[in-house]
Amino acid sequence: MTDTTAPEGTEADSDTLTRLEQEGEIAADYLEGLLDIADLDGDIDMDVEADRAAVSVISEGSARDLQKLVGRDGEVLEALQELTRLAVHRETGDRSRLMLDIAGFRAQKREELAELGEKAAQEAQSSGEAVKLRPMTPFERKVVHDAVKAAGLRSESEGEEPQRCVVVLP
């Protein structure tokens with residue numbers, strides 16, 4: 001009997017990439033409409049990062065106008081991300097894990113949180129005691145968990161939303 005299937009993973013990887021690119025296209029169309037309604041200028045960049053679609057709205061000029069779409073501590077950005085995920089879900093019927101960034105807010109936040117995770121890991125390692133961090137959003141916790149893991153330590157989340165926080169274990 002002859003095996004005519006593709007090598008393991010290649011067809012599935014291609015299907016996943018196509019699906020994620022489609023999510024990015026749907027999200028970009030949705031965000032273009034939103035920018036038009038709000039009369040804001042911005043370019044939309046699409047990518048696939050860590051098995052999820054990533055869409056960024058970047059400013060053509062001053063990022064000041066786009067800051068309105070970020071809001072205080074990224075609250076408006078979080079809401080827009082959920083609305084964009086819903087728009088993708090409406091079109092595809094599948095739940096989306098799409099990540100939205102506006103004016104580089106998430107990229108900068110990711111750097112700050114990775115640094116926080118590294119410092120907490122160093123503190124836990126030197127003191128031999130668990131280090132409990134402030135409450136964070138799921139995005140923030142994920143970045144910190146990744147930084148702690150990269151530092152060679154373990155971490156876990158504890159508590160209930162919105163007071164859920166990361167605890168770095170020695």
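This briefing walks through one protein chain, from its overall build to single residues. The model is predicted. The chain holds four helices and six strands. Of its 170 residues, 34% are buried.

**Overall build**

- Start at the N terminus and read along: the elements follow the order α-β-β-α-β-α-β-α-β-β.
- The C-alpha trace spans about 60 × 50 × 30 Å along its principal axes.
- Take the contacts in the chain with a separation of 6 or more: residues 24 or more positions apart account for 56% of them.
- The chain has an accessible surface of about 10,700 Å². Carbon and sulfur atoms contribute 47% of that surface.

**Charges and rings**

- The chain carries 20 positive and 39 negative charges. Their mean positions lie 8 Å apart.
- Arginine 106 sits over the face of phenylalanine 139. The distance to the ring centre is 4.7 Å.
- How many aromatic pairs are there? The count is zero. For a pair to count, the ring centres must lie within 6.5 Å.

- Helix H1 covers residues 10–38, and aspartate 13 is part of it.
- Is aspartate 13 buried or exposed? Aspartate 13 counts as exposed, because its relative accessibility is 53% and the cut-off for exposed is over 50%.
- Aspartate 13 and leucine 133 are 120 residues apart along the chain. Their C-alpha atoms are separated by 36 Å.
- Aspartate 39 lies in the loop between H1 and strand E1, which covers 43–49.
- Aspartate 39 is exposed, with a relative accessible area of 69%.

**Helix H2**

- Helix H2 covers residues 75–92 and includes threonine 84. Leucine 86 also lies in helix H2.
- Threonine 84 is buried, because its relative accessible area is 0% and buried means under 20%.
- What does threonine 84 touch, leaving aside its neighbours within four places in sequence? Its contacts are Ala27, Tyr30, Leu31, Leu98 and Leu100.
- Leucine 86 is exposed, at a relative accessible area of 53%.
- Leucine 86 and serine 96 are 10 residues apart in sequence. From C-alpha to C-alpha they are 7.8 Å apart in space.

- Alanine 103 lies in the loop between strand E3 (99–102) and helix H3 (105–127).
- Alanine 103 has a relative accessible area of 24%. This makes alanine 103 partly exposed.
- Glutamine 108 is in helix H3.
- Glutamine 108 is partly exposed too, because its relative accessibility is 49% and exposed means over 50%.
- Glutamine 108 and alanine 87 are 21 residues apart along the chain. Their C-alpha atoms are 26 Å from each other.

**Strand E6**

- Valine 167 has its place in strand E6.
- Valine 167 counts as buried, with 8% relative accessibility.
- Which residues does valine 167 touch, not counting those up to four places away in sequence? They are Ala130, Val131, Lys132, Arg154, Ser155, Glu156 and Glu158.
- Valine 167 and arginine 64 are 103 residues apart in sequence. In space they are 35 Å apart, C-alpha to C-alpha.

**Backbone exceptions**

- Most residues other than glycine have a negative phi, and most peptide bonds are trans.
- Aspartate 39 is not a glycine, yet its phi is positive, at about 55°.
- Alanine 103 is not a glycine either, and its phi is also positive, at about 55°.
- A cis peptide bond joins glutamate 161 and proline 162. Its omega is about 0°.
- Where is proline 162? Proline 162 lies in the loop between strand E5 (154–158) and strand E6 (165–169).

Conventions: Residues are numbered from 1 along each chain as its sequence is written. This is a predicted model: local features need pLDDT of at least 70, side-chain atom pairs count only at pLDDT 80 or more; totals for chains, interfaces and linings use all residues. Side-chain values use heavy atoms; hydrogens and water are left out. Rings of Phe, Tyr and Trp (its six-membered ring) pair if their centres lie within 6.5 Å; planes under 30 degrees apart count as stacked, over 60 as edge-to-face and the rest as tilted. A charge sits over a ring if NZ of Lys or CZ of Arg is within 6 Å of the ring centre and within 35 degrees of the ring normal. Helices (H or I, at least four residues) and strands (E, at least two) are DSSP runs, numbered from the N terminus. Buried means under 20% relative accessible area, exposed over 50%, partly exposed in between (1.4 Å probe, protein chains only). Contact means heavy atoms within 4.5 Å. Accessible areas come from the Shrake-Rupley method with a 1.4 Å probe; for residues, only the protein chains shown count as cover. Lys and Arg count as positive and Asp and Glu as negative; His and the chain ends are not counted. The place of a charge is taken as NZ of Lys, CZ of Arg, CG of Asp or CD of Glu.
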